[in-house]
Amino acid sequence: MNELHKTLKIFRTILLSLVVFSVASCIKKSPLRDGTYTGVGSGRNGDITVSVTVTGGSVSDAKIISNDETPEIAQPAMESILSAFKEQGSTNDIDVVSGATLTSNGLLDAFDDALASASGTKKAEASYEDTECDIVIVGAGGAGLVAATEAASKGAKVIVLEKMGIVGGNTNYSTGGINASYTKEQEKLGIKDSPEVFFEDTMKGGKYLNDETLVHTLVDNSSAIVEWLQSDIIGADLSDVGMFGGATNRRIHRPQGGTAIGAHLVPLLHKAALAQGADIRLNNRVIDILPSESDSQRAGAVRVSASGGEYTIKAKAIILATGGFGANLDMVTFYNTSLNGFSTTNHKGATGDAFKMVEKFNAALTQMAQIQTHPTVVVNTGIMITEAVRGNGAILVSHDGKRFVNEMETRDIVSAAILRGKGKTAYLVFDQSVRDSLKAIEEYAKEGLLSEGATLSDLAEKIGVPLSEFEKTISDYNSYVSTGADPDFARPKASMDHPISNAPFYAVECEPAIHHTMGGLKINANAEVLNNDGKPILALFAAGEVTGGVHGANRLGGNAVADICVFGKIAADSALSFIGK
């Protein structure tokens, strides 16, 4: 079990004891009563429901009743955990399955829930009453957790409301890293970069539809946010700096070895927010944002639906961090009909709830039709292959065995090129050297996503491409690596460090899928939500994918994590200033 999974397992145990059950100690002291008991846990895509049968005081059977997990990836992990649980009759020392951490934790939680019922130690579901606080944060994804940590660390009473059963939102699935320029990490590695180049890359990537003020804010705060994430408050490792599409220089900061940034950051941010005193309430869905009792155009409270019924929280300031609407396919196609029928990489809670809630304040929306597809999503799964695989040396090959695009172009251009090809899919091809360079690829391998060949001929046969064309494509590309120039598609030299020559060889069939909604609430540089007259709505702030304007027509890989962190912290600081903290 690697260090990430050890950390997540320890963190899960802490959370269960603090937030949900205190199950392990209770079960040891309380005998199990005979009968069949149902348990529920929160997985990657929603609830996982199980039944546990107890006979003679011991577990005699267990079943998974229902779940929304991705079958191709989740099934082996769930079967492994189910088998282990049935064998030992408890969740003690059952490891999460690498590559399916969220599913594993959800299933283990479900079994613990059932065992708590069997032992008579299950706590009653939390009941909430009307209350007041300084700042309410709606959404516990990356932006919400950053805002919660910052606001709580400055002494504010913070309540975070998350409609799902787990924290993290789409940030859980972020695989790349965080873009930043002129950082200490770049300086250590001898990387020449500047805020000016970062700004121009972002504007160019967004086809110059971006709000320039917001882009300057993103860029100018990027180095500082990396240092904040690396500080003792969070403790992130962002010491590896790589190349991503649309970037002139290496500027995407990530953990050493290329571990997925979301799996690294979310547990750290969650732990930090709790440590600073934030009250994080899961399965608490905000159903409306209410005006202040003294001013109908000022946000003053939220109405919440939880298991015990509805309740109201009055707040001096409200921060919206609800994410985008990439999982609401009706809303996606309403704003962009060309995306009808596409799959999505988004978690099921990304449904754009906030937009309707703020209509009463005349809140302005911007660039709602700007919706990005990610080009390398595993066919029929919604699982994204990080851009870092291409950045570290992988190429894209058509069903005819040929390259067809500069793999490091922006996501919209690469997506469009794939969709023009046969079957509207393509193969991401790389060798053992690329696999060794990026820990994320090990997770893909454990999930069974890779086709492998001992030779190029073996791989060509497995993926069904013409061998002669495939071998010529690889040979030509390797010659371009040696000369440092790509005459076919002008791939940047910085992303052509290694030839594809170190067996074994690998491929993943990919398709574009809905990934990021660039449009949303219009904000200013202080993360204040603006109305249609261009004026700030008092006491209402927003950060992350719920906002629009930062990315324009196309988001560069690595800019989403920068966005949620920079503007999450700014939203908290602005709210603190607004309430006089």
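Reply: Let us begin with a pair of strands. Eight bridges join β1 to strand β2 (residues 47-55), and the two run antiparallel. Please keep in mind that this is a predicted model.

Me: How many residues lie between β1 and β2 in their hairpin?

Reply: In general, strands of a sheet pair through backbone hydrogen bonds, either parallel or antiparallel. Here, β1 and β2 form a hairpin with four residues between them. In the turn, Gly 46 has a positive phi of about 145 degrees.

Me: Which strands form the open sheet, and in what order?

Reply: Three strands form this sheet in the order β1-β2-β3, with antiparallel pairing. β1 (35-42) and β3 (58-66) stand at the edges with a single partner strand each, so one side of each is left without a neighbour in the sheet. Neighbouring strands of this sheet are turned by 25 degrees against each other on average, direction ignored.

Me: Which helix packs on this sheet?

Reply: Helix α4 (residues 101-119) does, touching β1, β2 and β3. The direction of α4 makes about 145 degrees with that of β1.

Me: How many bridges join β2 to β3?

Reply: Seven bridges join these antiparallel strands, and Val 52 stands opposite Ala 62 in β3. The strands β2 and β3 form a hairpin with two residues between them, and Gly 56 in the turn has a positive phi of about 65 degrees.

Me: At what angle do the axes of helix α5 and α19 cross?

Reply: Two packed helices are described by the angle between their axes and the distance between the axes. The axes of helix α5 (residues 142-153) and α19 come within 8 Å and cross at roughly 40 degrees. That angle makes α5 oblique to α19, and α5 passes α19 in a right-handed crossing. The residues that meet include Val 146 and Ala 147 in α5, and Ile 564 and Gly 568 in α19.

Me: How many residues does the largest nonpolar core have?

Reply: This core has 90 residues, and those with the most contacts inside it are Ile 135, Leu 229, Val 302, Ile 318 and Leu 320. Helix α19 (residues 559-579) supplies the largest share, twelve residues. Apart from this core lies another, of 27 residues, among them Ala 388, Val 405, Val 414 and Cys 510.

Me: Where does Val 379 lie?

Reply: Val 379 lies in the loop between β14 (371-378) and α13 (387-391). Val 379 and Val 508 are 129 residues apart in sequence and 8.8 Å apart in space, C-alpha to C-alpha. Leaving aside residues up to four places away in sequence, Val 379 touches Thr 425, Glu 509, Cys 510 and Glu 511.

Terms used:
Residues numbered from 1 in each chain as written. Predicted model: local features only at pLDDT ≥ 70, side-chain atom pairs only at ≥ 80, totals over all residues. Heavy atoms only, no water. Core = buried A, V, L, I, M, F, W, Y, C linked by side-chain atoms within 4.5 Å. Buried < 20%, exposed > 50% of the residue type's maximum accessible area, 1.4 Å probe, protein only. Axes fitted to C-alpha atoms, helices over the stretch in contact; angles between N-to-C directions. Parallel < 35°, antiparallel > 145°, perpendicular 65-115°, else oblique. Left-handed = near helix turned anticlockwise from the far one by under 90°. Contact = heavy atoms within 4.5 Å. Pairing = 2+ DSSP bridges.
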